Amino acid sequence: MKIILNPSSLSDILQSEGIRAIPKSELNKLEKELKDLGENISLEETNLGEGADWIVILAVINSIANVFLVGDKILKGIEGWLKIGKKLKSLIAKKEIAYIDEDAASILAIDHIASKEKIQSIEKINRSETPLIDLSDTFNDRKSEDFISKPQSFFLQIYKINDEIIYVLGIKSDGRIAEIEKFDLNDLNVLGYEVELK
């Protein structure tokens, strides 16, 4: 999982002197707060400015990668994902997180669905990502598929819950979620015939 942090308490130092000037105690405090999201955290400086520099911190949490691939069905450990989702939402609400990647978007999606359904099983059945900007043209050392090239993105994710309910969610990279559609597979009817989606 990758997230871009712009902590308000460190913003001035980041802009003027970069991450190397942040006191070790402040970086340790930030890492400790991120430990609730997962282990193996690395912090590095990155620039998101298209014209003037906008220096932010890229946090990479290696223990959370490819949260849900299309076709993966999760039957156990959902409580753990919900705990991570609550911590992620808290950091977004405090304006510590500027942008999230698709893995973080998936965790927020699970949290959103769990606020409406008792999840016994969850399966991501489709996904797409639409970058809203592409910084790879601005920074020669980046590829268009790099997270730091497309920090502002829109994620469309479709989940099957408990083998009977479909959720279609739009998640912006700033953490906002729009519930696009929800329907019960048991209620589908096409031309008078019941349809079962698998």
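Residues are numbered from 1 along each chain as its sequence is written. Because the model is predicted, local features need pLDDT of at least 70 and side-chain atom pairs count only at pLDDT 80 or more, whereas totals for chains, interfaces and linings use all residues; side-chain values use heavy atoms, with hydrogens and water left out.

Helices (H or I, at least four residues) and strands (E, at least two) are DSSP runs, numbered from the N terminus. Two strands are taken to pair if DSSP finds at least two bridges between them. In general, strands of a sheet pair through backbone hydrogen bonds, either parallel or antiparallel.

Strand S1 (residues 2-5) runs antiparallel to S5 and is joined to it by three bridges. Within S5, Ile100 stands opposite Ile3.

Helix H4 comprises residues 102-114. Its 13 residues reach 18 Å from the first C-alpha to the last, close to the 18 Å expected at 1.5 Å a residue, where the expected span is 1.5 Å times one less than the number of residues. At the start of H4, a side-chain oxygen of Asp101 comes to within 3.2 Å of the backbone nitrogen of Asp103. Twelve of the 13 residues of H4 are buried, so the helix is largely enclosed by the rest of the structure. Buried means under 20% relative accessible area, exposed over 50%, and partly exposed in between (1.4 Å probe, protein chains only). The buried residues of H4 include Asp103, Ile107, Leu108 and Asp111.

Strands S6 and S7 pair in the antiparallel sense over nine bridges, and Glu123 has Lys160 in S7 as its bridge partner. S7 is also joined to strand S8 (residues 165-172) by eight bridges, again antiparallel; here Phe154 is the bridge partner of Lys172 in S8. S7 and S8 form a hairpin with three residues between them, and Asn162 in the turn has a positive phi of about 50°. Seven of the nine residues of S7 are buried, so S7 is largely enclosed by the rest of the structure.

The loop between strand S6 (122-131) and strand S7 (153-161) contains Lys150. Lys150 is buried, with a relative accessible area of 14%. Leaving aside residues up to four places away in sequence, Lys150 touches Glu129, Pro131, Ile133, Ser144 and Glu145, contact meaning heavy atoms within 4.5 Å. A polar contact of 3.3 Å joins the side chains of Lys150 and Glu129. Such a contact is a pair of N or O atoms within 3.5 Å; within protein, one must be able to donate a hydrogen and the other to accept it, and residues adjacent in sequence count only if both atoms are side-chain atoms. A polar atom of the Lys150 side chain also lies 3.4 Å from the backbone oxygen of Glu145.

Gly49 lies in the loop between S2 and strand S3 (55-61) and counts as buried at 7% relative accessibility. Beyond four places in sequence, Gly49 touches Trp54, Thr138 and Phe139.
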